[in-house]
Protein chains: 2
Amino acid sequence: MNIVILGSGNVATLLGTCFLNAGYNISQVWSRNVQHAEALASLLRTQFTDDIHSIDQSADLYIIAVSDDAIEDLVAKLGSFKGIVVHTSGSTSIEIFNNKFENYGVFYPFQTFSKGRDVDFKIIPILLEASNSKSLEILNVFANSISNRVRVCNSEQRKALHIAAVFACNFTNRLYTLAQKLLEDYQLDFDLLRPLISETAQKVQEFMPKEVQTGPAIRNDEKIINSHLKQLETHQTHLAVYKLLTEQIISESSKK
Amino acid sequence: MNIVILGSGNVATLLGTCFLNAGYNISQVWSRNVQHAEALASLLRTQFTDDIHSIDQSADLYIIAVSDDAIEDLVAKLGSFKGIVVHTSGSTSIEIFNNKFENYGVFYPFQTFSKGRDVDFKIIPILLEASNSKSLEILNVFANSISNRVRVCNSEQRKALHIAAVFACNFTNRLYTLAQKLLEDYQLDFDLLRPLISETAQKVQEFMPKEVQTGPAIRNDEKIINSHLKQLETHQTHLAVYKLLTEQIISESSKK
């Protein structure tokens, strides 16, 4: 089974590496940036190109792992292939392929990727969608060879999952940043917060977050809340977030 | 060295257990609820009482681990002791002791505690404050026997740290809950999010959150943001949080 990787970023690198380690042959790497294509091809022990017309016609799977904005344009420029063409984007519908290929789909690894951090791919959910059942079956085989958590979902569900990830990952990191700034303003080290951050994430590996909400808002502890609001008077950005989230927690717990 | 524990909740239980394991003698447990006092005393292999006038006069350390609201009242009712009296509250000033005792202070273990979850106390920061340098020295010995991360800070810093914890723990769990609800509405399992939540927390164990912000807001990816806002139209609670945090991330990244 031959795989062509289109793209050279974090997702392209991780998926390429995983498939190589799983025993697949990466037949080619394409990137519009030839240096990046070369670097990733060298890592994956394969050929590279930056010419869209030189893409290997005979691969079984084409993985488009470029930025969301670039998918549509790339799809339009690609020739037709017999193999399955997938994109890896959480927020892009399968309809972006517009029936251009015979076999196409979505292969979305659901995780946050950063250069320089190893991730255990086996536990990363992969969300699949395909243009036909035969393609879905083949994608299932590919996905199961690198992950234990393969699910099928439609484009609307995948988008909802992506939004959920914005809350649980991007916005969570934003809260960490607000905490970091507050500590800096009081000459305190962010390191003090790290065990708490770990434990907070660890707790919901076992429990549902709704069941383990703690803090002054869920207790409706007005005395503490007011003293926090007072101390945050000089931190308007923090204050806006504190007020909104506290109000929401109080209002929902009072509905119970 | 003898320790009296006042209170019978999570913090009382955890600190009592840690000190017992570290070789200290817990001479007594007091709680206004005699059943709770008895249960904790049995765990800590010691005496119990619910009578404030029967509290052991000769202990070296009195740990007040009752709810924040109850500290002031309890302090007012206590007799005078020679040992050091500490409370364990993040958001309560040392001034609540009002010079009532000869030796007093704050012994604040900085972590989120839930019944039924074991925590490795050694890595939990303990923040100390004391009425005099001799007491601080003794508290340091106690604290270092159960934790590797002992720091001294004043009441204002401790309160800032507590607010930072509200952001990094309570509000973060709130975001997890919002994500959970969104997934439920689309018939998706929260389990899909768990690896992402872990990785997000894991990443800031190594890096500073400001450096590892990801997502559509930091890229100012208007297309994705607008499509998320549209999908969230039926989720007003989510929408309010999405808008506020996205605006803040965009506005700060544009200032750079």
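**Notes on the predicted model**

1. Glu184(B) and Lys210(A) form a salt bridge, with their closest N and O atoms 3.8 Å apart. The term here means a side-chain nitrogen of Lys or Arg within 4 Å of a carboxyl oxygen of Asp or Glu. Between chain A and chain B the count is six salt bridges.

2. On conventions: this is a predicted model, in which local features need pLDDT of at least 70 and side-chain atom pairs count only at pLDDT 80 or more, while totals for chains, interfaces and linings use all residues. Residues are numbered from 1 along each chain as its sequence is written, chains are lettered from A and ligands numbered from 1 in the order in which they are written, and side-chain values use heavy atoms, with hydrogens and water left out.

3. The count of residue pairs in polar contact between chain A and chain B is 39, both residues being at pLDDT 80 or more. A polar contact is a pair of N or O atoms within 3.5 Å; within protein, one must be able to donate a hydrogen and the other to accept it, and residues adjacent in sequence count only if both atoms are side-chain atoms.

4. Which elements of chain A give two or more residues to the side that touches chain B? They are helices H3 (68-77), H5 (155-185), H6 (194-206), H7 (222-231) and H8 (236-255) of chain A. The largest share, 28 residues, comes from H5(A). Helices (H or I, at least four residues) and strands (E, at least two) are DSSP runs, numbered from the N terminus.

5. In terms of contact (heavy atoms within 4.5 Å), 92 residues of chain A meet 91 residues of chain B. The area buried between the two chains is about 9,400 Å², and carbon and sulfur atoms give 61% of that. This area is the accessible area (1.4 Å probe) that two parts lose on being put together, summed over both.

6. Chain A can be laid on chain B with an RMSD of 0.0 Å by a turn of 180° and a shift of 0.0 Å along the axis. The two copies are thus related as by a two-fold rotation axis. The superposition is by least squares on the C-alpha atoms of residues with pLDDT of at least 70 in both copies. Thr172(A) is the residue of chain A that comes closest to the axis, with its C-alpha at 2.8 Å. The same surface serves both copies, since 99% of the contact residues of chain A recur in chain B.

7. Phe171(A) lies in helix H5 of chain A. Is this residue buried or exposed? Phe171(A) is buried, at a relative accessible area of 1%; buried means under 20%, exposed over 50% and partly exposed in between (1.4 Å probe, protein chains only). Leaving aside neighbours within four places in sequence, its contacts include Leu175(B), Val241(B), Tyr242(B) and Ile249(B).

8. Gln231(A), in helix H7 of chain A, is also buried, with a relative accessible area of 13%. A polar atom of the Gln231(A) side chain lies 3.4 Å from the backbone oxygen of Glu156(B). Beyond four places in sequence, Gln231(A) is in contact with residues including Tyr186(A), Lys159(B) and Ile163(B).

9. For chain A as a whole, there are eight helices and eight strands. Buried residues make up 58% of its 256 residues.
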